[in-house]
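Here are my notes for you to read alongside the model. Take them one point at a time, with the picture open.

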Amino acid sequence: MYSNIKSSADLKTAIVKLEAKEAIEKEELISNFNSFKESMKPMNLIKSTLTKVTSQPGVVGSIIKTSLGLGAGLISKNLLWGKSRSIFKRLAGTAVKLGVTGIVARNTDKIKYKGLKLLTSVLGKKHGKT
């Protein structure tokens, strides 16, 4: 790279250039390290993971379906049996919860359609529209 150094002035110029290059590379290294350190914080890891997962097609729909199913299952179990000490009631409650969860998760599109239809019907009657 610096094979054309013929005098001490050329050597000094090459040294100045190398020192400037070293300073720039050092700043880039520090900046890259700080960026890496920031990205390794737990909250940033969670955010980036969620962003990657939710950007894939179909994943958000699956998460929503599963969440709706689990929520409906938990609500149905708590409404029917609440906090029971009886082992039979707890088992029956768990069975109901799993059943409702499965039904809701498989039929979310139908439930969403019926819910929107009911909501527009109620809102239409409320505002004098039929």
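1. Let's start with a term: helices (H or I, at least four residues) and strands (E, at least two) are DSSP runs, numbered from the N terminus. Leu45 has its place in helix α2, residues 42-55. Overall, the protein has 5 helices and 0 strands, and from the N terminus on its elements run α-α-α-α-α.

2. Keep in mind that this is a predicted model: local features need pLDDT of at least 70, side-chain atom pairs count only at pLDDT 80 or more, and totals for chains, interfaces and linings use all residues. Residues are numbered from 1 along each chain as its sequence is written, and side-chain values use heavy atoms, with hydrogens and water left out.

3. The protein's mean pLDDT is 79, and 88% of its residues reach 70 or more. Helix α1 has the highest mean among the elements (94), while helix α3 (residues 59-80) has the lowest (72). Where pLDDT is low, the predicted coordinates should not be read in detail.

4. On to what's covered. Buried means under 20% relative accessible area, exposed over 50%, and partly exposed in between (1.4 Å probe, protein chains only). Of the 130 residues in the protein, 11% are buried.

5. Which residues make the nonpolar surface patch? Phe33, Phe36, Met40 and Leu45 do, and the patch covers about 400 Å². Patches take residues with over 30% relative accessible area and no salt bridge, joining like charges within 9 Å and nonpolar side chains (Val, Leu, Ile, Met, Phe, Trp, Tyr) within 5 Å. The areas come from the Shrake-Rupley method with a 1.4 Å probe, and for residues only the protein chains shown count as cover. Leu45 counts as partly exposed because its relative accessibility is 34%.

6. There's a charged patch too: Glu19, Glu22, Glu25 and Glu28 gather in negative charge on the surface. Here Lys and Arg count as positive and Asp and Glu as negative, with His and the chain ends not counted. The place of a charge is NZ of Lys, CZ of Arg, CG of Asp or CD of Glu. Glu28 sits in helix α1, residues 8-39, and is partly exposed at 47% relative accessible area.

7. Finally, a salt bridge is a side-chain nitrogen of Lys or Arg within 4 Å of a carboxyl oxygen of Asp or Glu. The count comes to 1. Lys41 and Glu38 meet in a salt bridge at 3.2 Å, N to O. Lys41 is partly exposed at 43%, and Glu38 is partly exposed at 40%.

Conventions. pLDDT = per-residue confidence, 0-100.
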